[in-house]
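Please look at the sequence and the structure before reading on.

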Amino acid sequence: KEIDRLYWLSLRQLFLAQSNREAAKAIGIEEPLQILGNRAIVKALEEIADSIEDASLIILKLKEKEKISDRIKGMTDFIQSIQKISEDTQKALFELDFKTANSIIERVSSLKLPNGFEISNISSVIESILFAKIYEILDRYNLIAEIVINRSLERPSEILKIEKVELQQTT
């Protein structure tokens, strides 16, 4: 599991950054509070990878048995929406893009099951597990987007303008 190795490597770097300011700056950490956000992002990415692996193993087993329902094959638009959320999450994270991160949160909260699917109507345990994995992934993308929003508010930008205001005393 390569993702687990990357996860533990990332944690070691974050622990080093916590005790060594030069190491922190070398990996792009300007404030100690960012270590906490980075830790949450790394954990979310590791959980996304685990959920994707679990879902793909289920699909492969179904494919071997030729039991993939036409209903699951008809999920193309739903899957493409998730792919776009994934791509946009990466973009928002690397660019600290507030607007994209906010859009991700809105799209995750409004994403509906594909046509013909309802939680009470999911016909098999396997479909239920697949949707549970998909919503775990979406929940992690949402978490990353929230961290991006917090990070983007740490500095002045078009979204946040910080001004020093002098108060005049009245006597």
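Which residues of the largest nonpolar core touch the most other members?

## The nonpolar cores

In this predicted model, they are Phe 78, Ile 85, Ile 134 and Leu 138, within a core of 23 residues. A nonpolar core is a set of buried Ala, Val, Leu, Ile, Met, Phe, Trp, Tyr and Cys residues joined through side-chain atoms within 4.5 Å; buried means under 20% relative accessible area, with a 1.4 Å probe and protein chains only. Two or more residues each come from α3 (33-64), α5 (76-95), α6 and α7 (125-152), and α7 gives the most, with 10 residues. These helices are DSSP runs (H or I, at least four residues), numbered from the N terminus.

Leaving aside residues up to four places away in sequence, Ile 134 touches Met 75, Phe 78 and Ile 82 (contact means heavy atoms within 4.5 Å). Another core, of five residues, lies apart and includes Leu 14, Ala 24, Ile 29 and Ile 35.

## Confidence

The mean pLDDT, the predictor's confidence in each residue from 0 to 100, is 84 for the protein, and 81% of its residues reach 70 or more. Confidence is highest in helix α6 (residues 98-110), at a mean of 94, and lowest in helix α4 (residues 70-73), at 62. Where pLDDT is low, predicted coordinates should not be read in detail.

## Basis of the values

Residues are numbered from 1 along each chain as its sequence is written, and side-chain values use heavy atoms, leaving out hydrogens and water. Local features need pLDDT of at least 70 and side-chain atom pairs count only at pLDDT 80 or more, whereas totals for chains, interfaces and linings use all residues.

Conventions. Buried means under 20% relative accessible area, exposed over 50%, partly exposed in between (1.4 Å probe, protein chains only).
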